[in-house]
Amino acid sequence: MSIPNDVVELIQWNARSLDRLELGTWLETFAEVTRYEITTAENERNGWPLGLMHATNKNQLRDRVASIESVNVYEPHRYRHILSPTLIPGPGVSDQYITPFVVYRITPSKPTVLFVTGEYRDRVVTVGGRAVFAERRVVLDNDQIDTLLAIPL
Amino acid sequence: MSIPNDVVELIQWNARSLDRLELGTWLETFAEVTRYEITTAENERNGWPLGLMHATNKNQLRDRVASIESVNVYEPHRYRHILSPTLIPGPGVSDQYITPFVVYRITPSKPTVLFVTGEYRDRVVTVGGRAVFAERRVVLDNDQIDTLLAIPL
Amino acid sequence: MSIPNDVVELIQWNARSLDRLELGTWLETFAEVTRYEITTAENERNGWPLGLMHATNKNQLRDRVASIESVNVYEPHRYRHILSPTLIPGPGVSDQYITPFVVYRITPSKPTVLFVTGEYRDRVVTVGGRAVFAERRVVLDNDQIDTLLAIPL
């Protein structure tokens, strides 16, 4: 089964909006009824509930974005997402999309560094003719991150 | 010519099974009559025959997997494959697929590191309605690897 | 809107020809009337005109390639491009293609290193039935590069 084109574009535009720090555009990729979580593979394997970032509705995402845009205390840096092609986890699965990724961190006057690797696990719905995330789980491969996770992944 | 969808999925599921250490699933992506080799670009350029891993049939792959699963002496780590989109090497080629990749190595409580870059060169056949590898050559860019290559790439 | 297959192949073959140091093949991916520029996101943000490499027609690209192939004074190294799937920047855009990338630098007997991240911004035309670049802007994320940029990106 090939991945629907609007799902591919949704995942690409989401990553691009983060890389350009266009967090309003990033918000638009989520449904009103949504769930967003950043966790680690180790957390998941052990059934530990606490993720690195967690929102159970879109207003919590709006709050996060407002907080980033107003306070803005973190070291100025940007991301670059490189996405592996999106896949479905096995034959016959049709509502779950997996996209492996690597994110680099770009800081002015410093070398670019590998930040994190992991995978997106997405459920996508169509609202008003537009594909949006009903759920996005960001599962990181490494069990620790060396900096504050200010901007969503 | 666009890449057939079952070929794309085969390549994705193969990488995913390695990243999840599901080596039984990895085995299922190969035909019974298959050839698997890991080598380097330098080896290939010089016509040197000896690869880093070499199997001329599926039973040799089964042995390798059994050995990894039983002995298990290597440092516990996992991979993360990021695949560049699969291409055919030129116009009119229809039975050869190239997939550039980078593999990161994830080790508990250590920073994730770049492990290897290279490309898959695949021939794919359909057996019982299912796409499987008739040949996979894993050609690494670097001429040396800094650790034992325990898990296939 | 899905990306036309000949555009995807053009972008893939261009990267592959660079990775194999086949600069004649790389030249063939450009139209006679073309524009090629390597710049940085910072340059672009500030409206600074000077890029790291700049050609306003194909003959300037030919000169560059001839110069690389004849003089050849740079440290022998190769690239490995890993491409994120190509996207269009938003709904309804049909003549502009964006491809995020990471490039690793491979040097004999040295560890492979992250070289640059960035994105291609391409305009593609069909000439004689073949897709070729009418414009390629290579926008790098980092504001500085730690080595001479000898080979195009």
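User: How many salt bridges does the rule find across the interface of chain B and chain A?

Analyst: This is a predicted model, and across the interface of chain B and chain A the rule finds four salt bridges. In one of them, the side chains of R80(B) and D141(A) meet at 2.8 Å, N to O. On the side of chain B that touches chain A, the elements giving two or more residues are helix 1 (5-19), strand 3 (78-83) and strand 4 (97-106) of chain B, and the residues of that side divide into eight nonpolar, five polar and five charged.

User: What area is buried between chain B and chain A?

Analyst: Interface size is often expressed as the accessible area that is lost when the parts come together. Here the area buried between chain B and chain A is about 1,800 Å², with carbon and sulfur atoms giving 49% of it. In chain B, the residues that lose the most area to chain A are W13(B), R16(B) and R80(B), which together account for 31% of what that side buries.

User: Turning to the sheet, which strands pair with strand 6 of chain C, and in which sense, parallel or antiparallel?

Analyst: Strand 1 (residues 36-40) of chain C runs parallel to strand 6 of chain C and is joined to it by five bridges, with T39(C) standing opposite V139(C). Strand 5 (residues 113-127) of chain C pairs with strand 6 of chain C in the antiparallel sense over 10 bridges, and G118(C) has L140(C) as its bridge partner. Strand 5 and strand 6 of chain C form a hairpin with two residues between them, where G128(C) in the turn has a positive phi of about 60°.

User: Is strand 6 of chain C mostly covered or mostly exposed?

Analyst: Strand 6 (residues 130-140) of chain C is mostly covered, since 10 of its 11 residues are buried.

Note on methods
Residues numbered from 1 in each chain as written. Chains lettered and ligands numbered in written order. Predicted model: local features only at pLDDT ≥ 70, side-chain atom pairs only at ≥ 80, totals over all residues. Heavy atoms only, no water. Buried area = accessible area lost by both parts, 1.4 Å probe. Helix = DSSP H or I, 4+ residues; strand = E, 2+ residues; numbered from the N terminus. Nonpolar A, V, L, I, M, F, W, Y, C, P; charged D, E, K, R; others polar. Buried < 20%, exposed > 50% of the residue type's maximum accessible area, 1.4 Å probe, protein only. Pairing = 2+ DSSP bridges.
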